[in-house]
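Here are my notes on the model, as numbered points. Please read them beside the coordinates.

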Amino acid sequence: MDREWFEGRVIGLLDELLGAALRLAKNRHDAEDLVAETVTKAWANRRSLKDAERFRPWIFRILTNAFLSECRKRAARPTADVAVDDAGETDASFSLFEELHQPFLLWWSNPEKEFLNKLLREDLERAVDALPETFRTVVVLAELEGLAYGEIAGILGVPVGTVRSRLARARGQLQKALWVHAQEAGLTRPARKPVEVSHEASEDDRV
Amino acid sequence: MKPVKTIGCDEALKHLLEYLDQELGAAKHREVEHHIEVCRSCFSRTEFEQRLKNRLRDAGRESSGESFEERIKTLLRRF
């Protein structure tokens, strides 16, 4: 791997690396330091990249490990993360779509679409940042960076099944946070009840 | 090719996010895909989840800006 090739790949991925680092570290200053540390470590360990086609997951693995190692050093892991694999089971089944969807509305009205149109990037960032670190990491790797479950399992050193279950619960929590925010910010319309048809005879019907 | 097994909404929704992540085996992927093609409700749900995924993906890009790019280039020149 020559330096020029390495530089081209790093600069090409810089916005993605910084985006992932920002969601992991949650502030720009630490995120920039994390990317700089990642680039330094990647160059130092460049011989460990056996297949140049795998550069992207390889450098994201380095970024994630640098972040997790920094967390351990600072002992900054939130205590809620300790038993995270046993927690949040009910969140996995939460569906934002089910909350928004109003099947009795006329076909041209689409509250799900309206919600997504009103949703700001900062709403999504806030919801991701609010996740416990273990869930946030898996969301960053799967949703923001689009890595395969197998690649994420390799990065985190856990079985693929653990990635699946963490991701399901993380997505549920994320959607629940977006739903709560949507209600607070008035991004959803109040559920309209279907028109009730009275089967009782009105005064006028009575002859 | 074997005919696609017909599945219901519950089964399709159970696998929907893995379907969107391209993480299902070929047979299960075809089953979910076939169900979405014929079920209006699950089609709407799929469209919503895909759009939400796209929005999240967009949120994963942060403009590095000239000064940070320069910092990284300076670092790279030292290698």
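1. H4(B) gives the largest share of the lining of the largest cavity, four residues. Lining residues have an atom within 4 Å of a cavity point. A cavity is a set of points on a 1 Å grid over the protein atoms alone, where a 1.4 Å probe fits but cannot get out.

2. This is a predicted model: local features need pLDDT of at least 70, side-chain atom pairs count only at pLDDT 80 or more, and totals for chains, interfaces and linings use all residues. Residues are numbered from 1 along each chain as its sequence is written, chains are lettered from A and ligands numbered from 1 in the order in which they are written, and side-chain values use heavy atoms, without hydrogens and water.

3. Which helices each supply at least two lining residues? They are H10 (160-184) of chain A and H4 (40-59) of chain B. Helices are DSSP runs (H or I, at least four residues), numbered from the N terminus.

4. The lining includes A:Glu143, A:Arg171, B:Glu49 and B:Lys53. By class, the lining holds four nonpolar, one polar and four charged residues. Asp, Glu, Lys and Arg count as charged.

5. The structure has one cavity of 30 Å³ or more. The largest cavity holds about 60 Å³ of space, a volume filled by probe spheres set on the grid points.

6. Chain A has 10 helices and zero strands. Of its 207 residues, 47% count as buried (under 20% relative accessible area, 1.4 Å probe, protein chains only).

Terms used:
Buried < 20%, exposed > 50% of the residue type's maximum accessible area, 1.4 Å probe, protein only. 1 Å grid on protein atoms, 1.4 Å probe; cavity = no way out; pocket = protein on both sides within 12 Å on 5 of 7 lines; lining within 4 Å.
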